[in-house]
Structures are given as C-alpha cells and as structure tokens.
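Here are my notes on this model, point by point. Please read them with the structure open.

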Amino acid sequence: MTKRKIGMLVLACTLILVIAGIIYTKNVGAPAVSASAYTKDSAELAPGKELVKLTSSTAGVPGMDLVADNASYSLYFQSETTEIAVLDKKSGQIWYSNPPDRNEDAKASPFEKGVLSSQIVLSFRDTLGTLDTYSNYAQSIEKKQFKVESIEGGIRVTYTLGDMSLGIDALPKYITKERLEEKVLSKLDKSLSTYVSQRYYPSKADENVLERLDDQVKKQLVLNKMLDAFTKAGYTEEDLAADNEAHGAASGADSSKPKFTVPLEYKLDDTGLTATVPVGRIEESSSHRIRTIDVLPYFGAAGLQDQGYMLVPDGMGSLIHLNNGKIKEEKYVQQVYGTDLNDNSRNRGQVTESAKMPVYGLKKGDGAWFAVIEQGDALASIAADVSGKVNSFNHAYSTFAVRGEDELELYTGNTVQQIDMLGNKLYSGDIRVHFSFLSGEEASYSGMARYYQNLLVSENKLQALTEENSLPFYLDILGTIDKRSFFLGVPYQSVESMTTFDQAGTIADQLGKDGITNLQMRLTGWFNKGINHKTPTKVKIDSAAGSKKELVELSDKLKAMGGALYPDVALQLVYHDDSKFTPASDASRFVTRDVSMLAKYDRATNRMNDYYGSYYLLSPSKLPSFTERFSSSYKKLGLSNLSLRDLGSTLNSDYRNSRVMFRETSKAIVSEQLGKLETAYPNLMVSGANSYAWEYARHLIDVPTSTSSFNLADEEVPFYQMVIHGYADYTGEAINLSDEQDLSKQLLRSIELGTAPHFLWTYKDSSDLKLTRYDDRFASTYTNWYDQAIEMYKKADGVLGKLQTKKIVDHVRHEEGVVEVKYEGGTSVFVNYTEKPVTVDGVQVNALDYAVGGDRK
C-alpha cells in the first residue's frame with residue numbers, strides 16, 4: 001500500500017472519529033448527578049425488643065397499654081387491634097388513630113368498618129395493570145399477621161398483608177412414587193387414594209418422580225379435596241420441605257398472590273407524635289407493585305356531634321367544616337407542591353391552585369391536631385372528606401405515591417385503549433408525618449399557622465425582617481417577546497421589544513417622582529430571545545431590549561431609588577431545542593419512556609395547546625450543571641439580584657431507566673441549587689414559592705391569594721400569608737391580569753392578606769401582543785393603569801407599610817364578609833367586604849372599606 005493510500009486511510013479514520021465524537025457529545029448532553037447522592041434510603045430497621053408495657057400514673061386510656069411516655073404526652077397501644085392513642089397531658093385530650101366508636105356506626109358497611117379500623121391502606125397493581133386495594137385491618141390484623149416491638153421512644157408494628165397460605169404449593173410439586181405411597185396413599189381409603197394418585201403423573205425426566213397436574217389441582221374444589229387428603233394422611237410441613245428440597249422446587253407462599261410486609265413506627269417526642277413508614281424496607285410479591293400508601297387515614301377523626309373544621313393547604317389555605325352536609329361533593333385530594341408535570345396526559349380534570357405546604361390539620365371542640373409531612377412530602381397528596389358519605393366520620397390524612405404512574409395509549413384501528421402503567425422502581429426512602437396537638441386558644445387555624453411558623457424559625461428556614469421600610473411596589477416589566485414575522489412571504493421567528501431597558505427606566509423615573517421609591521422590578525424577556533428564552537447556559541442580552549450598559553444603568557437607577565432590578569430566568573422549563581440542550585439526554589422521561597415534551601393548557605378546552613408554545617422538562621439530574629453554567633455567565637453582567645421563574649415552584653420526576661428520580665430527590669436537588677444561587681445573589685425573588693423555597697427568598701412573588709374553591713370546602717383563610725408575614729416581603733399575581741378587575745376589591749384583599757401591590761406593564765401598547773403566544777397579557781399598557789396603581793399603592797402602604805416586620809398573630813372572621821387581622825404589638829386591621837357599615841370591637845368600618853384599630857404603634 002502506498003504512502004498516499006495510507007495517508008488517505010488515516011485521514012478518513014480521523015474524520016470518522018471526529019464525526020462520531022461530535023454526535024456522541026451532542027447526544028450525551030450535560031453532566032448528570034447521581035440520584036443516590038440526593039436520596040436518603042431507609043436505614044436498616046433498628047433492633048426491636050419484646051413489647052414493653054409501662055406503668056401509668058394516671059387513669060390512662062381504657063383497654064390500652066402505655067408503651068411510651070414523656071413530660072408532655074403518653075402513647076397507648078391496643079395489642080389486638082394495633083390502634084394507638086396519644087394522651088395530651090396538658091389538656092387531657094386523647095387522640096385516637098381510629099374512631100373508638102366505629103363499630104357502632106350505622107352508616108358504615110362491614111368493608112368500611114375495616115377501613116375505619118386500619119392504620120395503613122395500600123393500593124397496588126398486578127402485572128396486567130389491574131388496580132386493587134388492601135387495608136391492614138382486613139388483610140393483616142384480622143389474620144393476626146403482624147409483629148409488635150418496642151423501639152426507642154415508641155413502638156414498631158410490622159404488618160404482613162395478604163393471603164399467606166401456601167395454596168396449591170401446600171402440595172409437593174414433585175414426589176417419588178415411593179414417598180407418595182409411604183406418606184399419603186397408604187394412609188387413605190381406596191377411593192381417596194385413587195383420587196390423589198390420579199392427580200400426579202410420571203415426569204418426563206424420570207418416571208419414578210411424579211409431577212403434580214396443576215391444571216386439575218388448581219381448581220378450587222379439587223384443591224380443597226387434595227389438601228384434606230394430605231392433611232388426613234398426616235403429611236407435614238417438614239415432609240413438604242424435604243420433597244421440595246429433594247427436587248429443587250420453591251418453598252413458601254404462593255407468589256402469584258398479592259403479599260406485602262410493611263413496617264410502621266410510632267415515636268413520641270416533646271412536640272408530639274411521629275409516624276414513619278420506611279418504604280425502603282417494604283417487601284412486596286413479585287407479581288404485584290404498590291402504587292400508593294395511605295398513612296393513618298382516620299387519625300383524630302371527628303364524629304357527627306363534633307364542631308370544628310379541617311385545614312387543607314389548597315392555595316393560600318382552605319377550611320372544610322365538619323359535618324357540612326356536602327355528601328354529594330367529591331372528596332378533597334390535592335398533590336403537595338402541585339402536580340408532577342412529568343405526566344403525558346394531554347388534559348387535566350380541573351384548573352386549581354396548588355398546595356404549596358406539606359401540612360394539614362383538624363379542629364374539634366377545644367382541641368386540634370396539626371400534621372407536617374417531614375419526609376416524602378414531594379410524593380404526598382393530602383386528602384379530606386366529611387361524614388355522611390360512606391361512614392359517619394370527618395377525616396384528613398396524607399397519601400403517598402411511591403411509584404411513578406402514567407397512561408399508555410394503544411391504538412387498534414380506530415380504537416384507542418388506555419393502559420395504566422406503574423414504574424418498576426419503588427421509592428426507597430422514608431415517609432414521615434409529625435402530629436402536634438393544640439388546645440385552648442391555640443386550637444385554631446391561626447394557632448396552626450403560629451406553630452408552623454415557629455417550627456420553620458427553629459429550623460432556620462425563616463429569617464425575620466428587621467428593616468422597616470415603605471411597602472414594596474412590585475412591577476413586572478414585559479421586555480422582549482418572540483413573534484412570528486415574514487420576509488418575502490417566508491415566516492420566521494423575530495424578537496421584538498414591548499419595553500426597552502430605557503423605557504423601563506422612564507417608568508421608574510415617573511414612579512419615583514410620584515413617591516414610589518421601594519420599587520422591586522422583575523424583568524421578563526431580556527435575554528436569549530424573549531420571555532420563553534433559549535437554554536440559559538449562556539446569557540446573551542436581546543438587542544431589541546437594549547445593551548448591557550443600559551441594563552446595568554437600569555439596575556443602578558432602581559438601587560439609587562431604594563428598589564432593585566430582578567432579571568427573570570426559567571431553569572427547569574426548557575422552551576427551545578438548541579445546541580445547549582439535548583432532549584434525548586437532558587429532558588426528563590415519562591413512565592412510558594417518552595421524552596417529556598409539554599405545552600401550556602388552554603383554559604377554554606382544558607387541554608394542552610401547542611399554539612402557546614411547547615417546552616421540555618429538564619431532568620433533575622441535569623439541573624446542577626445548567627444552573628452552574630447560567631450563574632457563571634450571568635455573573636459577568638455584574639448584577640446583584642435575580643428572579644427565579646420556576647425553580648421554587650416546580651418539581652418534576654424523571655423515569656429514565658438508567659436514573660429514576662422521584663420528586664423527593666428532585667426537591668433535594670432544587671433546594672441545593674436555590675442555596676447556591678442565594679449565596680451568589682442574596683436578594684433572590686422567587687415566583688410561586690413552595691414552602692421548601694422560603695428560606696432562600698427575600699421576595700416572594702405570585703404567592704397564592706385564593707383557593708381552588710373546591711365544592712367540598714367552605715372557607716378561604718390566609719394560612720400561607722400568616723406563616724410568612726414578617727419573614728419575607730411578598731405579593732400575589734399581577735393585579736391588572738387578575739380575573740377580578742375591580743381595584744377597590746383588590747385593595748381590600750391586599751390589606752387583608754398583607755400583600756403588596758403588583759402590576760405587569762409594557763411601555764408599548766398591548767395591542768402589539770395580538771396574535772402572539774402572549775396575548776393573555778392583553779391589559780398591560782402601563783398608561784392605562786398608572787394613576788389607579790399609584791392610588792392603590794399609597795392606600796395599601798398607609799396601612800401595611802409599618803406592619804411589614806410584624807407577625808400576623810390571628811385572623812378572625814366576625815361574620816360573613818367581615819374579617820379582622822391581628823398583628824403582634826396590638827394593631828388590628830378590619831376589612832369589610834359587605835355593602836353595609838359594621839362596628840367591630842368599637843371600630844366603625846364603612847361598607848366596602850377597611851379600618852385600623854387596636855394599638856397602632
């Protein structure tokens with residue numbers, strides 16, 4: 001071979017390797033982190049010991065044994081039913097895991113009474129996708145398939161749910177002729193002996209070894225007769241084990257039946273009771289997979305004679321009154337931290353606010369309990385229902401989705417069949433719920449809010465505001481948008497500006513002249529081609545909005561006024577498939593293994609509509625890489641503040657075979673990135689923040705100011721605001737984009753909830769948004785709102801400005817439409833939504849107006 005040919009061959013090989021390397025690099029995507037680095041698996045169960053029954057110095061709980069005790073609470077246990085009870089020593093109130101009078105409930109069927117007697121309920125699917133449910137009462141307690149142990153601070157009950165009988169496998173699969181004759185046939189009468197021998201046939205491998213004829217024996221009548229015959233002959237478990245071992249047959253319970261072993265631990269501490277299910281230690285039969293786990297579904301349930309309500313975290317907070325008679329309405333069920341976007345369903349059942357806090361509670365009489373989901377909260381949904389449907393009890397509880405689930409569509413001709421699929425991997429961490437107990441004045445939703453607030457403060461997740469200032473004026477500036485344009489009849493996507501940096505500065509100057517100095521401006525649409533920007537790993541300012549110099553000048557201007565600029569970025573929703581993002585590698589995947597590509601929901605059809613733009617879900621495993629690259633590029637601009645559009649409000653899973661990531665893992669990754677960004681930019685602004693994001697945010701924007709108005713619910717309460725007020729400045733959605741366009745009512749709502757005014761404005765006329773993906777911002781022209789916004793702000797600031805650093809200590813609804821908000825220090829704010837004047841505690845409040853009373857210092 002000539003040197004020329006050799007050179008050409010080497011060159012060709014080099015080119016092939018370079019091309020292969022480029023293709024590989026493009027498809028491998030960004031570096032991924034390991035799920036194991038962010039997942040805390042269930043630890044080995046601590047050694048238990050035989051149940052220790054303590055001596056009670058009080059009357060205790062009739063019929064139950066004291067098993068754990070401290071200065072504040074006593075834990076009692078019933079060894080036959082495995083129910084528990086907690087005695088609050090301060091109030092003397094007893095809270096039961098199951099209603100004590102459940103067996104007298106005339107409304108409940110025998111099945112429902114079994115559920116009322118359960119501490120856990122499992123839903124699961126078989127290999128065909130068929131859904132079934134097991135309660136631990138019917139499938140474990142009644143069958144006495146449980147084990148109780150004392151552990152430090154409490155007890156552990158290990159439940160075995162399912163039919164543990166051997167079934168057909170109680171008969172040997174293989175047995176020699178001699179053994180069958182000796183152990184069975186010789187001990188039966190002739191008729192029964194013949195019947196048994198006809199159900200065994202010589203095996204192909206060895207005629208002296210008989211094989212069980214399963215097609216015949218598995219029929220229930222035949223099986224019963226065969227089992228009776230072997231029992232009558234005295235065939236023992238030892239005989240069965242010997243025959244199975246001799247012929248290599250499996251021993252144990254029938255593997256085709258659903259069987260589960262689930263540990264449940266209870267521990268007392270000075271603040272209440274903790275219930276833990278170490279999911280990583282659950283055992284399940286190979287043919288059945290657990291879908292969800294309900295934990296203590298009837299803990300502290302209220303009966304027909306009880307008065308009070310259940311607190312659920314729908315939006316800002318919602319109350320369901322006990323025994324409200326709404327027996328035809330659907331049960332309340334809502335996923336904590338919003339729905340998992342990693343779901344390929346093209347429609348959704350109902351447009352709702354999301355549940356942003358992992359909390360719920362129940363008040364009855366002078367007592368209340370309040371639950372915080374401490375682990376597994378990102379997998380949880382909170383459920384609640386009232387009496388009168390299937391039983392006579394009101395109850396609230398948490399349920400946990402421990403596997404991914406999705407729908408697979410199969411097309412057969414013109415027919416579409418939907419099959420529910422469960423993921424292969426079971427969540428391997430703990431799920432843990434802590435119950436605290438409140439009494440007297442603390443037994444209310446206000447008391448629950450104070451408790452939760454104090455808990456977060458003790459964990460350094462809330463930092464008190466100390467600097468008194470005027471109320472913030474939150475202003476979203478809509479900068480650049482992508483818009484379909486044409487050149488010589490050929491369509492293309494152009495980037496156009498609705499507000500330039502200079503024009504935003506002009507608006508700021510005008511606001512400053514009118515006395516608004518604490519201007520917190522969020523800039524949406526400023527880099528990488530508009531609002532729905534390209535992958536933010538490299539920041540390139542949109543020239544249509546202005547230059548880097550003009551952006552920095554805008555930031556400096558706001559800072560000099562006393563406010564700040566917050567350029568906005570989306571890190572988890574990826575709107576463009578560009579060279580910085582590889583969907584095959586960087587996007588999450590559904591349970592069906594498809595790449596998670598989604599679109600915005602159309603409110604008219606309640607279905608995804610690609611017209612509004614599609615987007616990918618970034619895999620949580622890739623988030624650290626994308627966040628680091630963005631932060632590194634953004635830092636070069638020299639800006640000190642940042643707005644996070646989706647990092648504090650969105651959690652999604654990833655069911656890629658090679659790296660399954662549950663939402664609990666995603667929460668750990670997101671929290672880490674929030675911490676890193678907060679270190680780099682201490683004054684973070686977070687949109688729609690879930691509770692885990694509060695500790696990293698200085699400003700909370702788009703917080704919930706309403707609820708989903710579920711039919712079962714009765715009352716909205718500002719639970720979210722009561723927890724965070726005095727610890728972060730916050731505001732709701734942009735007022736000019738709200739469904740409620742009466743600014744006088746918006747002002748009343750703002751004063752009740754302690755929210756600062758918030759508007760979204762454009763310098764150019766909003767008609768320029770027509771026929772774009774952003775025409776829902778149709779009311780954005782700033783000149784149309786300016787005077788009303790100034791007036792509203794000054795009224796709100798006059799009431800709330802001096803209360804920013806104060807905690808809300810109570811929220812009272814004196815009558816329908818009349819509320820009082822009490823702040824620490826004694827100030828009360830009264831809001832009258834009715835059309836007639838009222839007097840509350842000597843304070844006159846005009847119709848559709850507000851007033852300030854109490855100590856106004």
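1. The side chains of K53 and D65 form a salt bridge, 3.5 Å from N to O. The term means a side-chain nitrogen of Lys or Arg within 4 Å of a carboxyl oxygen of Asp or Glu. K53 sits in the loop between β1 (49–50) and β2 (65–69), and D65 in strand β2, 12 residues apart. Helices (H or I, at least four residues) and strands (E, at least two) are DSSP runs, numbered from the N terminus. K53 is exposed at 51% relative accessible area, while D65 is partly exposed at 26%. The cut-offs are under 20% for buried, over 50% for exposed, and partly exposed in between (1.4 Å probe, protein chains only).

2. A word on the basis. This is a predicted model: local features need pLDDT of at least 70, side-chain atom pairs count only at pLDDT 80 or more, and totals for chains, interfaces and linings use all residues. Residues are numbered from 1 along each chain as its sequence is written, and side-chain values use heavy atoms, with hydrogens and water left out.

3. The structure holds 39 salt bridges. K622 and D586 make one of them, at 2.6 Å, N to O. K622 lies in the loop between β36 (614–617) and α13 (623–634) and D586 in helix α12, so the bridge ties together parts 36 residues apart in sequence. Buried or exposed? K622 is buried, at 1% relative accessible area. D586 is buried too, at 0%.

4. K557 and D509 pair at 2.9 Å, N to O. Their bridge links helix α11 (residues 548–561) to helix α10 (residues 501–513), across 48 residues. K557 is partly exposed at 28%, and so is D509 at 34%. Elsewhere, D169, K173, E211, R212 and D214 are linked in a salt-bridge network.

5. The largest nonpolar core has 186 residues; W694, L700, F719 and W761 touch the most other members. Such a core is a set of buried Ala, Val, Leu, Ile, Met, Phe, Trp, Tyr and Cys residues joined through side-chain atoms within 4.5 Å. Helix α17 (residues 786–800) supplies the largest share, eight residues. A second, separate core of 21 residues includes L185, L192, L210 and V217.

6. Two backbone angles deserve a look. Most residues other than glycine have a negative phi. R593 has a positive phi near 80°, in the loop between α12 (583–586) and β33 (597–599). D841 has a positive phi of about 50°, in the loop between β46 (838–840) and β47 (843–845). D841 is exposed, at 62%.
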